[in-house]
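Colleague: I am new to this structure and would like to learn how to read it. Could we go through it feature by feature?

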Amino acid sequence: MTVKLSLQNVRKTFRSRHADEAFVALDDVTLDVEDGEFMVVVGPSGCGKTTLLDLLAGLTRPTGGQILLDGKPVAGPSLDRGVVFQQYALFPWLTAQGNVEFGLEAKGAPSAERRETARRFLGLVGLAGFESHHPHELSGGMKQRVAIARSLAYDPEVLLMDEPFAALDAQTRETLQCELLRIWRVSGKTIVFITHGIDEAVFLGQRVAVMSSRPGRVERVIDIPPEFKAGEDIRAHPEFGRLRHEIWRLLHEDGERAREDERDARRLAVAA
Amino acid sequence: MSAQESTLVLSPPAALGGSFARLGAIFLHALRRGGALAAFFLLWELAPRLGWVDAAFLPPFSQVLATAWKLLSNGQLTQHFAASLGRSAAGFALAIVAAIPLGLAIGRYRLFAQAVNPLLEMFRNTAALALLPVFILFLGIGETSKVAIVFYGCFWPILLNTITAVATVDPLLVKSARTMGLSPVRLFRKVILPASVPTIFVGVRLAGAMSVLILIAAEMVGAKSGLGYLIIYSQYNFQVPEMFLGIVCITVVGLFINFLLVALERRLTAWNTHRSET
Ligand SMILES: Nc1ncnc2c1ncn2[C@@H]1O[C@H](COP(=O)(O)OP(=O)(O)OP(=O)(O)O)[C@@H](O)[C@H]1O
Ligand SMILES: [Mg+2]
């Protein structure tokens with residue numbers, strides 16, 4: 001297996017308006033994502049998941065360390081990485097078709113090919129017949145399908161997804177999870193999928209990177225054995241429950257620690 | 001008046017389907033939409049005739065219509081109409097052409113926008129009509145000063161709305177476009193510009209209403225033609241039906257401009273409507 005994405009001692013700080021010292025969002029994050037791998041990153045709210053994804057997308061630069069794609073440092077955003085956001089981020093003035101064509105146009109594909117490819121990918125995500133609908137005429141689940149089709153259509157090597165199903169109802173989420181797995185299997189893309197849902201992480205990932213907060217770190221990377229995933233209802237499998245609990249414990253311990261830190265800080269503030 | 005209301009008023013009756021039920025429905029619809037208007041004009045007709053108000057101050061509506069016919073036949077009305085419409089259209093169009101590109105440029109450079117904002121706020125809050133004497137002083141009482149004052153009044157709402165439009169484009173859309181590797185120029189053309197259209201249009205609609213208002217006031221102060229001149233001149237000479245005719249004509253101009261802008265807005269920002277209920 002070759003390494004596709006490599007994060008090496010990545011650090012990201014933000015200048016803070018309230019305090020003098022910079023706010024450390026990510027500290028010493030080291031993680032390798034293999035070619036064709038489905039990597040899930042799970043962590044509590046505010047631990048720096050979106051910050052991490054922005055870095056991978058090339059939208060921001062790390063303060064320290066480096067990020068390599070195929071061994072070369074990431075210089076900026078590029079069509080070799082596609083991003084799917086939680087809030088869909090579709091262009092409301094374009095139809096579903098127009099939205100999918102947008103990335104293809106950025107890539108410089110000729111217009112006949114654009115049209116054809118966009119139709120094919122809308123079909124792939126189950127939206128054949130909705131080509132001429134505008135985003136405001138689509139449900140949340142359909143919008144997210146368009147967003148996924150848009151990112152897949154220009155054929156990036158890596159798909160970066162930031163809590164893409166968080167805003168959807170449970171039923172739609174499960175459907176899209178299954179479809180994403182199917183698309184991943186047929187396309188062989190490398191996927192980095194961010195979530196704060198433990199079930200979602202175990203269900204989707206080959207490996208799950210568990211993050212802790214303040215500062216954001218990768219606490220542990222857990223392998224999800226592929227064997228039990230072949231079953232019918234894998235959520236009912238005892239192994240699923242065990243993995244689920246293991247991740248829950250990691251996150252919970254982190255939460256306890258964060259609360260204690262906060263208490264200490266408050267005590268210090270009162271004493272001072 | 002909101003976009004929905006005015007379009008409903010102006011929407012043509014449904015295609016002639018045939019059935020009486022349909023005709024009945026159209027009739028009811030017309031009654032519901034036009035009933036209040038009809039009642040208003042009926043009251044206008046009856047109040048002076050029945051002596052509720054002094055007919056010398058408020059002539060019956062039919063007399064205003066008769067005056068309209070008279071002035072139409074001798075060409076006066078057309079002349080005033082054309083003068084007013086031409087001036088407001090010229091000033092309005094110039095303001096659109098100047099303010100939108102400038103607003104886009106200012107909105108794009110945040111630091112520059114912050115620097116000039118206090119100045120723009122000051123200009124916007126200087127009522128255009130307060131500056132009318134200054135315009136007349138510099139440009140005389142000819143066409144130039146009137147077009148210029150309309151231009152001035154229309155310029156600010158369009159400029160400020162355009163700046164706001166560009167500055168408030170959903171950052172997520174910009175972020176999303178950037179992930180697709182768009183260059184700044186393409187990003188501007190393909191994302192920021194289309195996303196700004198609805199907010200820019202708010203300014204254009206405001207300016208449209210403004211153009212009529214300012215022009216009429218300007219024509220009342222110093223002009224030899226135009227609807228504002230017709231009103232004030234008729235009042236001096238106690239030609240009350242002519243005066244009311246001028247007022248009615250201004251309403252017609254206002255409605256016409258609004259109708260055009262609503263139609264244009266619907267074409268340009270159809271995507272911005274919420275789920276249509278059918
Ligand atoms: N541009 C920024 N400037 C300052 N601080 C920032 C900035 N972006 C993020 N942060 C801070 O960094 C931390 C991590 O934010 P981030 O959005 O990455 O969290 P997250 O894990 O994605 O949270 P969530 O699950 O709620 O989406 C937060 O404390 C946030 O306040
Ligand atoms: Mg986030």
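Colleague: Let us start with the sheet in chain A. In what order do the six strands of the open sheet stand?

Modeller: Bear in mind that this is a predicted model. As a general idea, strands of a sheet pair through backbone hydrogen bonds, in either the parallel or the antiparallel sense. Here, in chain A, the order across the open sheet is E6-E7-E8-E3-E9-E10, and the pairing is mixed.

Colleague: Which strands stand at the edges, and why is one side of each left without a neighbour?

Modeller: The edge strands are E6 (81-84) and E10 (217-223) of chain A; each has a single partner strand, so one side of each lacks a neighbour in the sheet. From one strand to the next, the twist averages 20 degrees.

Colleague: Take one pair as an example. In what sense do E7 and E8 of chain A pair, parallel or antiparallel?

Modeller: Strand E7 (residues 158-162) and strand E8 (residues 190-195) of chain A pair in the parallel sense, over five bridges. To find one of these in the view, look at Leu160(A), whose bridge partner in E8(A) is Val192(A).

Colleague: Which strands does helix H1 of chain A touch where it packs on the sheet?

Modeller: Helix H1 (residues 49-57) of chain A touches E3 (38-42), E6, E7, E8 and E9 (207-212). The direction of H1 makes about 155 degrees with that of E7(A).

Colleague: Now the ligand. Which residues surround ligand 1?

Modeller: The residues around ligand 1 include Phe14(A), Phe23(A), Ala25(A) and Glu163(A), along with Ser45(A), Gly46(A), Cys47(A), Gly48(A), Lys49(A), Thr50(A) and Thr51(A). By class, this shell has four nonpolar, five polar and two charged residues.

Colleague: At what distances are oxygen atoms of ligand 1 from N or O atoms in the side chains of Thr50(A) and Thr51(A)?

Modeller: For the side chain of Thr50(A) the distance is 2.7 Å, and for that of Thr51(A) it is 2.5 Å. With Gly46(A), a polar backbone atom is 2.8 Å from an oxygen atom of the ligand. Taken alone, ligand 1 exposes 630 Å², and the protein buries 59% of that.

Colleague: Which elements give two or more residues to the shell around ligand 1?

Modeller: Those elements are strand E2 (23-34) and helix H1 of chain A. H1(A) gives three residues, the largest share.

Notes
Residues numbered from 1 in each chain as written. Chains lettered and ligands numbered in written order. Predicted model: local features only at pLDDT ≥ 70, side-chain atom pairs only at ≥ 80, totals over all residues. Heavy atoms only, no water. Pairing = 2+ DSSP bridges. Helix = DSSP H or I, 4+ residues; strand = E, 2+ residues; numbered from the N terminus. Axes fitted to C-alpha atoms, helices over the stretch in contact; angles between N-to-C directions. Contact = heavy atoms within 4.5 Å. Near = heavy atom within 4 Å. Polar contact = N/O pair within 3.5 Å; in protein donor to acceptor, adjacent residues only side chain to side chain. Areas by Shrake-Rupley, 256 points an atom, 1.4 Å probe, with all protein chains shown as cover. Nonpolar A, V, L, I, M, F, W, Y, C, P; charged D, E, K, R; others polar.
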